[in-house]
Amino acid sequence: MKVGLWKIAHARSGDKADRSDIGLFAYDAPTYQVLKREVTRERVAQHFAATCKGPVEIYPLDNLLALKIVLNAALEGGAARSLRMDNLGKTVAAALLRMEIEAPADLPRLARA
Amino acid sequence: MKSVRIGAGLGFYGDSWRPVRASIESGNVAYIASDHLAELTLAILQKDRQKDPSAGYARDCVPMLTELWPLAAPRGVKFVMNAGGLNPHGAREAVARAFREKGLKAKIAVVTGDSISDRIDELQASGETLANMDTGAEIGAVRDKLLFANAYLGAAPIAEALAQGADIVITGRVADAALSLGPLMHELGWRWDDWDRLAQGLTVGHLLECSGQASGGNFGSAGDWAKVQNFLHLGYPIAEVSEDGSALLTKAPGTGGKVSFDTLRQQLLYEVHDPHAYYSPDVVLDMGTLDFDDKGNDAVRITGASGARRPDTLKVVAGYHDGWMGIGQIGFSWPDAYLKCETSANIIKGLVEERGWKPDQINVEYVGYNALLGANADPAQRDNLNECFLRMTVRTNDRRIAEGFSRLFPWLGLSGPPYAGGLRGSERARELLGLWPTLVRRDLIEPRVSVDVEVVA
């Protein structure tokens, strides 16, 4: 079934020059396996097509049940020259949590709800 | 086994030091590591210094230390802070002046040598290209517009200042985590090539450098953020680091917030690029082997960091003038709140065109609809808003256009769409800055680094 990431994961974003970076965290190990499979560079690039002008990188971290996602050339050249209200990209993580992925209905966070 | 407790200070210039009191009074810390410099803070300090040569440091260190030092001194708590910005000596003079007025005494060290803004020619002559490490661009394009250029120094000069007996260490630009790693190196006697222990220290420093973000603040989530208790009295994180490198992350008893596997891993990966190669001046950290053992009750034990040899280069970030931003805003209530904003945006664009202004970029955002989420906003909500604000910004090299842009907005109040409020029609132009990250050989920087200690009494 289609599931919004916000139901099964948490996330924080930050900036370094023109690079926006997101930590995406599963609450549990089964969900982490799903994130690793479904949250691909292609899906993320498509989700941020309007703002991310460079390549997307994803680093899985099994020990942290986390994906480190890096959006290159995504902040209009960087916070100090950006015209955007969210020039630091602090809400990029929220935007990612809106992404929907294919996930089994029996994931712990979904079963509990 | 010997251990040392370090508490987080500020996470940025303008952050609150109120939560630091609890760490000093009941958190049993020996050090406060306070980070006043975000990537672009030096640009703000450069503007201060242009107006007043004695300025150029993060001014909040003066009231912060004046208030906290009387609590810290009797307990033997020391401060390490990068509040010196572009003028660490100026920061010390200001603190010393305030201390003398209050009858406070301290040994205050200053670390300098991070600024390379007047060494560009010399460094290029030594073979450094100073090319942009992200884009590969040559520095010639921005050379004449540079406002500052500073290297990120490591923990060594901080440890040296503490060895000289400093109570308070004020630096310019250092790696944020060095503010914690310096005291750890001084206290625990680790070797400078003990990469795994340095990696543990870097992990701790990175977790402490953003104040409340490691203890429940900005816990990015849907719903779970609201389970964080007592934001009002949120405690800043504290790390107790042992000789063997293991660390216990916690916060002062009775404070709000949350220290857990969840809150800490959000901060661990914050503003990190490749987590298997997190560069600092002192060690390269691989986060892939870290182990977080959440003991409950705001206590998490961290072990397992892997370190690799420190790099032969230091990161330098320079800032350069990159044009001006003009900004205007107007809000509208129901009915048709979004449509009225969109109509107004077109009117403003028409006014810009009729005046013959040619800004490089016009940015239109609808506050209440998509100003934060941008293209990821839900379009289904667009036409049913209670209210909506039009925020428009322009990019231009002509400061007068940036100033004039805001003044196009007030006219809409009587001659545009109905039910307007929240006008911002007299905003100053804002200087835009480009950041220029580059690398410089450390042996060209480190011989210029110096530490001097002064007794303020």
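Predicted model: local features only at pLDDT ≥ 70, side-chain atom pairs only at ≥ 80, totals over all residues.
Residues are numbered from 1 along each chain as its sequence is written, and chains are lettered from A and ligands numbered from 1 in the order in which they are written.

Along its principal axes, the C-alpha trace of chain B spans about 75 × 55 × 50 Å. Chain B contains 13 helices and 19 strands, which are DSSP runs numbered from the N terminus (helices H or I, at least four residues; strands E, at least two). Of its 457 residues, 51% are buried, a residue being buried if 20 or more other C-beta atoms, placed from the backbone, lie within 10 Å of its own. The domain assignment, automatic or from a database, gives domain 1 (3-114 + 152-311) and domain 2 (321-435) of chain B, and 39 Å separate their centres, taken over C-alpha atoms.

Helix α6 of chain B (residues 156-163) is mostly covered, with seven of its eight residues buried; among them are B:Ile158, B:Ala161 and B:Leu162. These buried residues pack against β3 (78-81), β4 (106-112), β6 (168-171), α7 (178-188) and β19 (450-456) of chain B. After α6(B) comes B:Gly165, whose phi is positive, near 95°.

B:Ile158 also belongs to the largest nonpolar core, a set of 171 residues in which A:Leu24, A:Leu96, B:Ile158 and B:Val169 touch the most other members; such a core joins buried Ala, Val, Leu, Ile, Met, Phe, Trp, Tyr and Cys residues through C-beta atoms within 7 Å. Strand β14 (residues 313-333) of chain B supplies the largest share of this core, ten residues.

The contact between the chains takes 37 residues from chain A and 45 residues from chain B, two residues being in contact if their C-beta atoms, placed from the backbone, lie within 7 Å. On the side of chain A that touches chain B, β2(A) gives the most, with six residues.

Notes
Buried ≥ 20, exposed ≤ 12 C-beta atoms within 10 Å, placed from the backbone.
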